[in-house]
Amino acid sequence: HHKVPMPQGGSVLLHRVAQKGYARLTAKDLSKKRLKAIKLLEKSYHLRQDEDSLKFLIGEVDSFLSHSSENGDYLNDEQETKSYITKLNSTLTQKAKELGVVINRLPPKGSGCFIATAAAGSYEHPKVIILRNFRDDILNNYFFGRLFIKTYYKCSPPVARWIEDSKNRKKITLLLVVNPLSHLAKRLLKRNSEN
């Protein structure tokens, strides 16, 4: 599919789908090597438990999750690896919190959960996950939903950075925006699954 020139129309779409599938399989194939590298970094962190090592390890875990998100969420097919990485991510986040180490995190590229993640403090926060599921399972099925998502991706990163710079802005956004929206999204997801 890389060598044959494609005409306009359905063939081009098929060509793009094939390319995405190929990219996903290639990325998935690298996950075992990435996991080995993460485990080595984890061992080195236990030898030298300082702030820089902790930040570096958290950055690499975030990078792994981001890479999966950008390549068709291949970690969803590898539950053992995903479970390990998710648990490690949670442990490292807790460790950083205990030590007072500030970790500036934005969600993986293409995730679109910028404002919710900035307010909640984690891409894996339960309310962020609900909003992400709402985006994927409901909004993404409609033209205006996709248009909203595209616009949100463009406009929200600067707002997320502004929110992330202040504890008060985080609390207010979580209370007035994320909590009500996640509650509504949860109800709509439940109704959608019942139909």
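Helices (H or I, at least four residues) and strands (E, at least two) are DSSP runs, numbered from the N terminus. Helix 7, at residues 143–164, is one such run, and Pro157 lies in helix 7.

This is a predicted model, in which local features need pLDDT of at least 70 and side-chain atom pairs count only at pLDDT 80 or more, while totals for chains, interfaces and linings use all residues. Residues are numbered from 1 along each chain as its sequence is written, and side-chain values use heavy atoms, with hydrogens and water left out.

## Overall fold

The chain has eight helices and zero strands. Along the sequence the pattern reads α-α-α-α-α-α-α-α. The chain holds 195 residues, and 34% of them count as buried. Buried means under 20% relative accessible area, exposed means over 50%, and partly exposed lies in between (1.4 Å probe, protein chains only).

## Contacts across the sequence

Which helix holds Ile85? Ile85 sits in helix 4. Its relative accessibility is 0%, so Ile85 counts as buried. Ile85 and Ile38 are 47 residues apart in sequence, and their C-alpha atoms are 8.8 Å apart in space.

Leu175 belongs to helix 8. Leu175 is exposed, because its relative accessible area is 57%. Leu175 and Ala120 are 55 residues apart in sequence and 9.8 Å apart in space, C-alpha to C-alpha.

## Salt bridges

A salt bridge is a side-chain nitrogen of Lys or Arg within 4 Å of a carboxyl oxygen of Asp or Glu. By this rule the count comes to three. The table gives the pairs.

| Arg48 | Asp50 | 2.8 Å |

Asp50 is partly exposed, at 25% relative accessible area.

Lys55 and Glu51 both lie in helix 3, which spans residues 51–70. They are four residues apart, about one turn of the helix. Lys55 is partly exposed, with a relative accessible area of 37%. Glu51 is also partly exposed, at 42% relative accessibility.

Arg135 is buried, because its relative accessible area is 13%.

## The largest pocket

Pockets are found on a 1 Å grid over the protein atoms alone. A pocket is an open set of points with protein on both sides within 12 Å along at least five of seven lines, and lining residues have an atom within 4 Å of a point. Grid points are joined across faces, edges and corners, and a volume is the space filled by probe spheres set on the points.

How much space lies in the largest pocket? The value is about 860 Å³. The lining of this pocket has 28 residues. Lys97, Ile103, Ala120, Gly121 and Lys170 lie nearest its centre. Helix 4 (79–99), helix 5 (114–120) and helix 8 are the elements that give two or more residues to the lining. Helix 4 supplies the largest share, seven residues.

The lining of the largest pocket divides into eight nonpolar, twelve polar and eight charged residues. Here Ala, Val, Leu, Ile, Met, Phe, Trp, Tyr, Cys and Pro count as nonpolar, Asp, Glu, Lys and Arg as charged, and the others, Gly among them, as polar.

## A nonpolar surface patch

Patches are made of residues with over 30% relative accessible area and no salt bridge; like charges are joined within 9 Å, and nonpolar side chains (Val, Leu, Ile, Met, Phe, Trp, Tyr) within 5 Å. Accessible areas come from the Shrake-Rupley method with a 1.4 Å probe, and for residues only the protein chains shown count as cover.

Which residues make the nonpolar surface patch of about 580 Å²? They are Ile172, Leu175, Leu176, Val177, Leu181 and Leu184. Leu176 is found in helix 8, residues 167–194. Leu176 is exposed, because its relative accessible area is 60%.

Methods: On a 1 Å grid over the protein atoms alone, a cavity is a set of points where a 1.4 Å probe fits but cannot get out, and a pocket is an open set with protein on both sides within 12 Å along at least five of seven lines; lining residues have an atom within 4 Å of a point.
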